[in-house]
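Subject: Handing over the structure

Hello,

Here is the structure I promised to pass on to you. Have a look at it first, and then read on for my notes.

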Amino acid sequence: MTEHVKARKLFEGEITRKAILESFKKLGPLHMIKNPVMFTVYVGSILTTGLWLQALTGKGEAASGFIFAVSLWLWFTVIFANFAEAMAEGRGKAQADTLRKSRQEVKAKKLAKAEKDAKQTEILSGDLRKGDLILVEAGDFIAADGEAVVGIAMVDESAITGESAPVVRESGGDRSAVTGGTRVISDWLIVRVSSNPGESFLDRMISMVEGAKRQKTPNEIALNILLAALTIVFLIVCATLLPFSIYSVVASGAGKAVTVTVLAALFVCLAPTTIGGLLSAIGIAGMDRMIQANVIAMSGRAVEAAGDVDMLLLDKTGTITLGNRQATEFIPASDVDVKELAEAAQLSSLADETPEGRSIVVLAKEKYGLRGQEIHDLKATFVPFTAQTRMSGVDIGKRSIRKGAAESIEAYVKDQGGKYPEDVRRGVDSISRLGGTPLVVAQGKEVLGVIHLKDIVKGGIQERFAELRRMGIKTVMITGDNPLTAAAIAAEAGVDDFLAQATPEAKLKLIREAQAGGRLVAMAGDGTNDAPALAQADVAVAMNTGTQAAKEAGNMVDLDSNPTKLIEVVKIGKQLLMTRGSLTTFSIANDIAKYFAIIPAAFAVTYPELNALNIMRLATPQSAILSAVIFNAVIIVFLVPLALKGVKYRPASASHLLQRNFLVYGVGGLVVPFVGIKIIDLILVGLGLV
Amino acid sequence: MLKEIGTQLRLSILFVVVFTVLIGLIYPGISTLIGQTLFPRQAGGSLIEVNGKKVGSEIIGQPFDDAKYFWSRPSATSPYAYNAANSSGSNLGPTNPDFVNTVKGRVDALKKADPDNGAPVPMDLVTTSGSGLDPHISPAAAQYQVSRVAKVRSLSLTKVEELIAQNTDGRWLGFIGDPGVNVLKLNLALDSLK
Amino acid sequence: MTANQWMQIIAYFVVLLVLAIPLGSYMAKVYENKPFFLSKWFGWLEKLIYRVCGVKAKQEMDWKGYALAMLLFNIVGGLILYAMERLQASLPLNPAGQSAVPPDLAFNTAISFITNTNWQFYGGETTMSYFTQMAGLAVHNFLCAASGMATLMALIRGVIRKETKFLGNFWVDMTRGTLYILLPLSLSFTVILIQQGCPQTFANTATATLVQPTSYDQPVTNAQGAPVTGKDGKPQMTHVTVTEQPISLGPVASQEAIKMLGTNGGGYFNVNSAHPYENPTPFTDFLELLAILLIPAALCFTFGAMVKDSRQGWAILAAMFLLLAPMMYLCGQQEQSGNPLLNKLTVGAHGEALGDGNMEGKETRFGIAGSIIWASVTTAASNGSVNSMHDSFTPLGGLVPMWMIMLGEVSFGGVGSGLYGMLAFVILAVFVAGLMVGRTPEYLGKKIQTYEMKMASIMILIPPLLVLVCTAVAVATGGAGTNNPGAHGFSELLYAFDSQSNNNGSAFAGLSGNTLYDLMGGAAMWFGRFWLAIPVLAMAGSLAQKKVVPESAGTLPTHTVLFVVMLTSTVIIVGALTFFPALALGPIVEHLKMIHP
């Protein structure tokens with residue numbers, strides 16, 4: 001994977017500076033009300049500020065210094081939460097800016113019709129509309145996303161993918177999509193523009209990472225409901241505490257009722273501000289991590305769905321196996337020497353530029369020390385593969401060597417009056433059974449033997465599938481091979497299931513059936529014929545090199561065009577949910593300690609006995625309340641890195657993950673504030689502030 | 001929708017009526033029939049008759065504060081103790097000063113009735129029961145009163161202890177619940193000794 | 001606590017389990033409409049009821065239809081009960097000549113009995129006629145229990161069915177639940193209770209001649225009924241000698257049985273199961289205790305059987321037990337240690353002797369163990385009957401029943417309502433836990449999404465809000481009617497609205513009712529019951545329409561020890577965070593004051 005957008009340092013100076021500024025700008029009520037939890041804190045801050053002003057006039061309910069301190073830290077709580085969000089957005093923006101640099105306004109040559117010599121008009125890229133035709137020649141930037149309709153060209157797409165090697169783009173077929181901002185380096189293309197300004201890929205990508213168009217995802221909404229419910233509970237707890245306190249003063253005949261300042265402080269401490277403040281930052285950071293993996297998600301919903309995926313459809317070629325088959329063995333016919341077969345096979349493949357052909361040359365050289373010879377030196381004629389003969393080979397003088405599929409060679413030999421040996425037939429069968437491709441070599445009318453061409457399963461892929469299985473994700477290999485071959489490769493790679501002789505219809509059917517069974521399906525695809533399946537899949541990663549149709553149908557685009565990326569995508573999705581869940585647990589567990597700090601302090605004058613609950617032995621009621629409020633604010637800042645990076649994810653079963661996160665964030669969340677509040681109390685006392 | 005509400009409303013009314021007949025009349029009717037047939041004494045309240053006169057129920061306590069009787073636990077029923085037509089607990093909280101003072105008064109009364117007894121006063125003998133009709137006192141509470149009753153009645157300690165044993169209801173299966181001495185039955189037994 | 005007390009506790013839970021398992025699978029058969037022996041015998045009666053009422057038994061309802069039937073039925077039942085109370089003077093079976101129940105009390109009591117609360121701002125033997133008790137209150141003991149179970153069944157069907165909107169037929173569930181579960185259990189239990197000494201008679205109050213006449217002082221009143229003050233300014237008293245003991249009787253046993261089995265708890269007598277006629281022996285005490293938790297515990301097994309995964313039922317039962325057991329211990333330990341203020345009076349042996357410990361408000365035959373098991377069990381379940389007076393418990397001993405109610409009646413809880421309340425917490429726990437493992441949360445294959453979270457949040461939100469707001473109103477209006485001063489008075493008010501909002505019905509019974517409390521409590525009981533039942537049905541409707549996600553290693557298992565711990569902590573944390581301040585101002589500070597006077 002190319003690290004195109006580099007993982008940024010967590011707190012880059014520039015971003016941090018801007019975020020600080022931004023956190024103040026976000027204090028407007030219209031922005032604040034979007035986050036109900038923080039909005040209540042915001043109201044609390046305004047309320048306590050009012051109480052402070054009242055205290056300044058000498059009619060306050062408590063010492064103005066204390067009210068000021070509480071009020072100040074409530075404001076900090078709000079600002080810190082804004083800061084977290086601004087940081088996440090800032091990091092997104094920084095990436096967007098990098099992207100944007102590649103996309104200055106360029107001039108485009110608009111054509112009247114799809115012919116190179118049609119009438120041209122110069123037009124700015126910003127004025128291009130969907131359906132316009134433009135001519136792009138060597139050295140030109142492609143002005144907009146689109147589809148090549150005429151021509152073939154080499155295109156430098158490094159601005160988008162980070163891949164330095166240019167790629168071929170040609171009209172028709174699966175390599176016709178071009179992306180705005182990339183540059184043609186040879187030849188020319190006529191491109192039909194496929195998006196209006198502001199809707200191009202880059203635009204979408206930029207707006208996604210900036211968080212401008214971020215909509216709340218389903219899980220986020222559900223979590224927000226829970227947080228809102230908790231906030232209401234705590235609001236009522238604190239509000240009813242006032243009459244309770246007044247009654248207690250009468251009942252015990254001592255002290256005075258709890259102040260509104262203390263109740264506001266208690267409320268802010270109890271409300272789930274930690275998760276509430278970090279929630280949007282977590283969401284933005286999730287998108288951000290996708291971008292860092294060079295995947296653009298079309299929506300946050302897609303990122304979240306990735307975590308839920310429980311079935312992965314993976315194309316065999318390129319994902320599970322190396323792109324091409326390789327020769328692994330020469331099996332000679334009974335009366336033929338293996339060296340003779342190897343030599344003939346090598347000769348027949350010298351001019352064969354396909355990877356299979358090259359692998360035969362290499363195998364012969366490595367195993368039998370046969371050095372490849374130059375085809376020119378041999379004065380040989382190369383016979384290329386045609387669909388009719390289904391063979392290729394070479395003629396050197398009188399020697400005519402052919403290699404090809406078993407049936408073709410059989411027909412070829414029998415035509416010349418030769419016979420097709422039984423042991424070769426057996427060899428062919430056994431190779432097929434093993435999932436390999438047999439290639440029979442003949443010289444004249446004599447069959448020399450079989451070459452075993454094999455799909456090479458990528459190194460380490462088995463472990464990855466085992467990992468996925470532990471995560472509860474089923475893997476299905478999709479291949480055009482016959483079932484026998486498919487089964488053999490599936491077994492070797494360790495996938496759970498396979499779909500052989502896959503047609504687009506079969507893929508679509510497979511996805512629909514899985515979904516009807518309640519599964520969430522992810523797949524990667526690039527061709528136009530993948531589009532229906534991509535559209536049906538819950539998480540559909542289109543390859544950037546794929547067709548426009550595939551990209552439109554998917555909900556993510558992988559800029560590296562690496563189908564293995566699906567696994568990465570799933571992890572990022574899971575990490576996003578885990579971060580939310582863990583911080584929610586942490587936030588709620590924190591409240592216990594805060595009660596032990598605030599309750600004895602709040603009722604110290606009415607019921608001094610309650611000091612028995614002051615198990616942290618905080619110095620004074622004021623220091624106890626302030627320490628809790630300060631802890632509550634500061635913890636947000638401390639957790640910003642976690643929110644941005646996400647909690648650590650290791651592939652493991654659900655119960656294992658729960659155990660770990662429950663211990664770390666649940667039990668940890670219970671203990672940490674006891675320590676934290678005590679330390680802050682000691683500092684406050686040490687500084688003589690209380 | 002309105003029609004649906006109408007249908008369900010009609011069903012609701014019929015349902016309540018049908019079940020009131022079934023559960024409200026037939027069920028208690030059958031229960032009473034079975035009870036009166038199989039266990040007429042218990043179903044009628046386990047009343048005790050002495051010489052043709054109802055003197056109480058085996059399982060409902062009565063007030064005693066005469067030195068010759070075993071005293072029952074204090075009762076919080078009103079207007080007088082052990083009013084079995086108005087069961088009630090004291091509902092006094094544990095830290096209520098009135099409660100602590102009342103208990104102190106009961107301790108003093110017990111000690112006054114039996115000045116020679118130096119044993120600690122059993123807790124149940126100075127606290128009210130939940131029902132105000134508790135027929136029992138703990139064996140310890142009975143033991144505490146043995147010497148007083150024996151002295152007033154000029155009986156031997158063993159005789160009194162024997163009667164206590166006869167009128168003690170044990171635990172179920174030997175371990176469920178607490179044993180209790182039935183005060184009314186014990187006092188009736190004492191009276192019948194004459 | 002003593003060894004004997006431990007043995008009683010252990011025996012209790014073991015026998016409970018032994019009885020609950022078979023009952024659970026039996027109930028699954030009842031609600032899955034499978035044939036069984038009782039349906040063969042009484043099938044005709046079931047069909048007759050359908051014919052008389054016009055129930056179309058085969059016709060299933062969607063959630064709205066189910067909720068509509070449930071609500072209408074309860075409203076109609078409440079109105080009829082209200083009318084019965086108001087008219088009891090002119091109705092039959094009123095040998096003691098009870099007059100009409102005042103409107104506010106009748107309102108409170110009617111709601112109390114249709115919501116499975118059985119809160120009683122009245123004394124049974126002094127207020128209600130035999131007819132009201134039997135044909136009114138006891139009938140609703142059955143029907144509201146059946147209604148709770150029916151609601152639960154709709155939810156379970158929502159969990160197990162897929163891609164449908166139908167949840168069953170409310171009337172069929174009501175009929176079968178009453179006919180095949182509650183009636184046979186009650187009838188058998190009634191017979192045992194009578195044998196042990198519970199009266200079952202229509203005879204009027206008996207009168208016995210006291211063995212030793214007693215006397216009391218009565219304030220003198222003038223013709224208007226106002227007390228007369230003497231020359232010294234004190235009220236004038238006359239000495240009254242009492243020679244007879246009136247003994248209230250009635251059809252007690254038949255009502256007692258359903259009161260315990262249906263987690264109703266509304267006593268025939270004022271002091272409920274502390275009364276020797278309601279609970280005559282340690283044996284009946286043990287049986288009645290079992291009856292409190294029997295159906296709620298068995299429903300866990302019914303749930304396991306219906307979702308075809310008995311481990312799920314066990315997990316929920318385990319969580320319920322974990323919520324209850326430590327609290328039972330705390331209660332026992334506090335009550336056995338007794339009241340230090342009394343211990344100072346050279347009272348008691350200060351050890352573990354019989355009749356020792358805090359015996360105020362407790363019956364001798366039950367002792368400390370029988371009383372504390374009851375106090376914690378009756379509040380864990382939403383039974384609310386008492387066999388000892390919670391008001392007179394030590395502060396922390398009394399905190400236990402209060403706290404068990406505060407948990408939202410989900411540790412066993414009411415028949416039906418306890419389990420559906422717990423399932424709301426399960427959904428909450430699954431949601432947070434699900435996020436922690438990186439997947440959209442799901443329970444038993446059903447995805448937990450926005451709608452379910454909304455409904456579960458409402459269910460978890462409503463009861464604490466009712467408790468806190470009602471208590472706040474009560475204290476803000478002066479907190480009248482408390483029987484004890486200081487923090488304990490606050491506890492009485494808190495307990496009252498805690499109990500009513502959560503449909504428990506037990507009390508710190510020193511609190512006396514007034515019109516405000518009657519009306520506010522009635523509203524709290526109503527909302528506490530139906531604002532939970534309706535979201536349950538809505539959630540059931542939404543769940544039923546979902547697909548079932550197949551289980552895999554990525555699925556969060558909801559039957560493991562870890563999940564049980566997670567669920568238990570969720571319930572405790574929600575309860576603690578909501579009520580810690582209130583508890584601090586009530587029982588906690590009273591305890592601290594008591595030990596450091």
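Predicted model: local features only at pLDDT ≥ 70, side-chain atom pairs only at ≥ 80, totals over all residues.

**How the chains are arranged**

Two pairs of chains touch, and chains B and C make the most contacts of these. Chain C also has an interface with chain A, where 60 residues of chain C are in contact with 61 residues of chain A. Chains A and B, on the other hand, do not touch, and their nearest C-alpha atoms lie 13 Å apart.

**Chain B with chain C**

On this interface, 105 residues of chain B are in contact with 111 residues of chain C. The buried area comes to about 8800 Å², and carbon and sulfur atoms give 67% of that. Within chain B, the residues that lose the most area to chain C are Y27(B), N91(B) and M123(B), together 9% of what that side buries.

For the polar side of the story, there are 49 residue pairs in polar contact between chain B and chain C, counting pairs with both residues at pLDDT 80 or more. The rule finds 1 salt bridge across this interface. In a salt bridge, the side chain of R365(C) meets that of D134(B), with 3.9 Å from N to O.

Which elements of chain B supply at least two residues each to the side that touches chain C? They are α1 (2-38), α2 (40-43), β2 (53-57), α3 (97-113), β3 and α6. Of these, α1(B) gives the most, with 26 residues. By residue type, the side of chain B that touches chain C divides into 53 nonpolar, 37 polar and 15 charged residues.

**Chain C with chain A**

Here the buried area is about 5100 Å², with 78% of it from carbon and sulfur atoms.

The side chains of D310(A) and R439(C) meet in a salt bridge, at 4.0 Å from N to O.

On the side of chain C that touches chain A, the elements that give two or more residues are α14 (417-436), α15 (450-476), α16 (486-501) and α18 (561-595) of chain C. The most come from α18(C), with 17 residues. That side of chain C divides into 39 nonpolar, 16 polar and 5 charged residues.

In chain A, an open sheet of 7 strands runs in the order β8-β20-β19-β18-β9-β16-β17, with mixed pairing. Strands β8 (295-297) and β17 (497-499) of chain A stand at its edges with a single partner strand each, so one side of each has no neighbour in the sheet. On average, neighbouring strands of this sheet are turned by 20° against each other, direction ignored. Strand β9 (residues 311-315) of chain A runs parallel to β16 (residues 474-478) of chain A, and 5 bridges join the two. One bridge to find in the viewer pairs D315(A) with I478(A) in β16(A).

In chain B, 3 strands form an open sheet in the order β3-β5-β4, and the pairing is antiparallel. The edge strands, each pairing on one side only, are β3 (136-137) and β4 (168-169) of chain B. Strand β3(B) pairs with β5 (residues 180-182) of chain B over 2 bridges in the antiparallel sense, and H136(B) has N182(B) as its bridge partner in β5(B). Helix α6 (residues 183-191) of chain B packs on this sheet, touching β3 and β5 of chain B. The direction of helix α6 makes about 50° with that of β5(B).

**Salt bridges overall**

Over all chains, a search of the whole structure finds 46 salt bridges. Among them, the side chains of E220(A) and R580(A) meet at 3.6 Å, N to O. Because E220(A) lies in helix α7 (residues 218-252) of chain A and R580(A) in helix α20 (residues 565-602) of chain A, the pair ties together parts that are 360 residues apart in sequence.

Enjoy exploring it!

Best wishes

Methods: Residues numbered from 1 in each chain as written. Chains lettered and ligands numbered in written order. Heavy atoms only, no water. Pairing = 2+ DSSP bridges. Helix = DSSP H or I, 4+ residues; strand = E, 2+ residues; numbered from the N terminus. Axes fitted to C-alpha atoms, helices over the stretch in contact; angles between N-to-C directions. Contact = heavy atoms within 4.5 Å. Buried area = accessible area lost by both parts, 1.4 Å probe. Polar contact = N/O pair within 3.5 Å; in protein donor to acceptor, adjacent residues only side chain to side chain. Nonpolar A, V, L, I, M, F, W, Y, C, P; charged D, E, K, R; others polar.
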